[in-house]
Amino acid sequence: MEGKRGNGDNSGSEDTSRTGSADTSREKDREADLLESDLTRRGFLEGTGAALVVAGVPTLGTAEISPATVVAQEPAAVPQTTIRVTVNGNRERVEVEDRWTLNELLRDHFGLTGSKIGCNRGECGACTVLLDGEPVYSCSTLAVWADGREIVTVEGLEDDGDVSPLQQAFMDHNAPQCGFCTPGQLMTATALLERNPRPTTAEVREAMVGNLCRCSNYNAIVEAVLAAAGSPGGAA
Ligand code: FES
Ligand code: FES
């Protein structure tokens, strides 16, 4: 009996031992499952994260503007032309880019900064210079178009350090307020007086219509032009 019990106990012990083994085995299996599942989840998260990072990177034109492509690009050659101009009585031979405006040539390359840039699109007249005696907007005239021609800027109005009678009249009549439009006004008025030395008030106003004055000092400007002409003025 005892033996049996013992056996039974032993059997019980063996059963218990087998049960313990089975439990241990299951635990190991579970740990392995968890480990595998953890690895799988980590792998998934890492993979997904990488995918999200990749997805979050802007891909605009990646293929077209790779660094290798940028390095390989040569700046496009800018067409250039050699022109000959007379500027305020001085003959000049100069190489210009075909895209330069006359104003760029005068201001940036000859240092004649009298002509101003107001609108830069042919509306205000601040950039006016004379081209073969005619007032033109230098912001809207290509430098190559001046080839072989004569240019006069506001710097060319003085004579041996003396201002012209028109410039003096502008000062006498307070025609410049801020003065920004004044060089352009002077050039247009100079051209007018060259072709019409005794203009009427209406003729002055008509001739100056392409030169805006943001200070609205138009009456003084017209008075100055009439004074320079020695003209009595009048509406007609
Ligand atoms: S700057 Fe040339 S017209 Fe205004
Ligand atoms: S004086 Fe100022 S814009 Fe004419």
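The model is predicted: local features need pLDDT of at least 70, side-chain atom pairs count only at pLDDT 80 or more, and totals for chains, interfaces and linings use all residues. Residues are numbered from 1 along each chain as its sequence is written, while chains are lettered from A and ligands numbered from 1 in the order in which they are written.

Start with the overall layout. The protein chain has 7 helices and 5 strands. Both are DSSP runs numbered from the N terminus: helices are H or I with at least four residues, strands are E with at least two. Along the sequence the pattern reads α-α-β-β-α-β-β-β-α-α-α-α. Of the 236 residues, 28% count as buried. Buried means 20 or more other C-beta atoms within 10 Å of the residue's own, exposed means 12 or fewer, and partly exposed lies in between, with C-beta atoms placed from the backbone. Among contacts with a separation of 6 or more, 59% join residues 24 or more positions apart. A contact here means C-beta atoms, placed from the backbone, within 7 Å.

Now the strands. β1 (residues 80-87) pairs with β2 (residues 90-97) in the antiparallel sense, over 8 bridges. Pairing requires at least two DSSP bridges between the strands. The two strands form a hairpin with 2 residues between them, where Asn88 takes a positive phi near 50 degrees. β1 also pairs with β5 (residues 150-152), in the parallel sense, over 2 bridges. Thr86 links to both partners. It stands opposite Arg91 in β2, and its bridge partner in β5 is Glu150.

Next, the helices. The axes of α4 (residues 165-172) and α7 (residues 218-229) come within 8 Å and cross at roughly 135 degrees. α4 is therefore oblique to α7. Angles under 35 degrees count as roughly parallel, over 145 as roughly antiparallel, 65 to 115 as roughly perpendicular, and the rest as oblique. Pro165, Leu166, Ala169, Phe170 and Asp172 in α4 meet Ala224, Ala227 and Ala228 in α7. These contact residues divide into 7 nonpolar, no polar and 1 charged. Nonpolar covers Ala, Val, Leu, Ile, Met, Phe, Trp, Tyr, Cys and Pro; charged covers Asp, Glu, Lys and Arg; the others, Gly among them, are polar.

Last, a loop residue. Gly179 lies in the loop between α4 and α5 (182-195). Gly179 counts as partly exposed because it has 13 C-beta neighbours inside 10 Å. Gly179 and Cys215 are 36 residues apart in sequence and 8.8 Å apart in space, C-alpha to C-alpha.

Notes:
Axes fitted to C-alpha atoms, helices over the stretch in contact; angles between N-to-C directions. Contact = placed C-beta atoms within 7 Å.
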